[in-house]
Amino acid sequence: MAGTDRSKSIQFQSPIIILKNIQLEENLGMVMRTMLNFGFKNLRLIKPKFDLNGDKVKSSSAGAFDIIKKTMRVYKNLEQSIEDIEFLCATSVRKRDLDSFVDFPRNTIKNLKNNYKKNTIAFLFGPEKSGLKNKDLSYSNIVINIPTVGGFGSLNLAMSVNIICYEWYLNSKVSVSPYHYNKEDLANKKEINGFNKRLLTILKENSFFSNSDNSDKLIANLRNIFNKNNLTNKELRILHGVITSIKKRRN
């Protein structure tokens, strides 16, 4: 609690922190603590592995638990947790077999603050032991890589969240670039995932996935194409129209 001045109000930040399959109570408490340090209170959990009201959660949060629990939400899976998200940033230390946009925290956050300030933004973190899988990363618009020395790249979950929240806080007063009308029309993940499912259904009907051993990898890469390119609702309607037109011609 050192450093807390209760006479001052907290100006809360809008981005959402999403933790997938968090495993340790004390890590959740420390994540809450660092979130509140930098004015974050929107926390979403995907299938946590413990009782969220445990003593270790509360004690390690240094009082942040009482504030953040009011807005904390729990979800059954990743898709449900990001339905309203328009720009998803996933975190990963390792190089992945995905053709994704990858950048450092500072560069990413400057880009977000300058170009996507009015959009619904979330930062996704994986479980402590294994991190996020390729399937998880394929839902993101960009992958954030926190640079560390090559010989020891393992970061504690709360430390990773701390770096992201800190960088966002430092940029909280940076002026934004001129408004671009498309950026307020970004399609949310529910709409994009609905399109992806429709596309996959048609591809399966046409035996596109001939090699079952590689189908999961191919599906993840296809999903990645549409999630990383910041599609607007207008663009998504056009893509749906293309599929509808193709189906009519086939019939």
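In the predicted model, helix α7 (157–170) has L157, A158, S160, V161, I164, C165, E167 and W168 as buried residues, where buried means under 20% relative accessible area, exposed means over 50%, and partly exposed lies in between (1.4 Å probe, protein chains only). Helices (H or I, at least four residues) and strands (E, at least two) are DSSP runs, numbered from the N terminus. An α-helix has 3.6 residues a turn, so residues three or four places apart point the same way. The elements that cover the buried residues of α7 include β1, α1, α5 (105–115), β6 (121–125) and β7. At 1.5 Å a residue, the 14 residues of α7 should span 20 Å, and the 20 Å between its end C-alpha atoms agrees with this; the expected span is 1.5 Å times one less than the number of residues. At the start of α7, the backbone nitrogen of A158 has a side-chain oxygen of N156 within 2.8 Å.

Residues are numbered from 1 along each chain as its sequence is written. Because the model is predicted, local features need pLDDT of at least 70 and side-chain atom pairs count only at pLDDT 80 or more, while totals for chains, interfaces and linings use all residues, and side-chain values use heavy atoms, with hydrogens and water left out. The mean pLDDT of the protein, the predictor's confidence in each residue from 0 to 100, is 88, and 88% of the residues score at least 70. Confidence is highest in strand β2 (residues 43–46), at 98, and lowest in helix α9 (residues 212–228), at a mean of 86.

The protein contains ten helices and seven strands. The seven strands form an open sheet with parallel pairing, in the order β3-β2-β1-β6-β4-β7-β5. Each of the edge strands, β3 (73–75) and β5 (102–103), has a single partner strand, so one side of each is left without a neighbour in the sheet. Two strands pair if DSSP finds at least two bridges between them; β2 and β3 are joined by three bridges in the parallel sense, and R44 has R73 of β3 as its bridge partner.

Of the 251 residues, 43% count as buried. A nonpolar core is a set of buried Ala, Val, Leu, Ile, Met, Phe, Trp, Tyr and Cys residues joined through side-chain atoms within 4.5 Å. The largest such core has 36 residues, and I17, L19, L28, L43 and F123 have the most contacts inside it. Helix α7 supplies the largest share of this core, six residues. Apart from this core lies another, of 15 residues, including I16, I46, L88 and V143. With contact taken as heavy atoms within 4.5 Å, and residues up to four places away in sequence not counted, L19 touches L28, V31, L43, R44, L45, I46, F125, L157 and V161.

Several loop residues were also examined. N21, in the loop between β1 (16–20) and α1 (25–37), has a positive phi near 55° and is buried, with a relative accessible area of 15%. K47, in the loop between β2 and α2 (55–60), has a positive phi near 45° and is partly exposed, at 48% relative accessibility. Most residues other than glycine have a negative phi. N145 occupies the loop between β7 (142–144) and α7, and a polar atom of the N145 side chain lies 3.0 Å from the backbone oxygen of S92.

How values were computed:
Polar contact = N/O pair within 3.5 Å; in protein donor to acceptor, adjacent residues only side chain to side chain.
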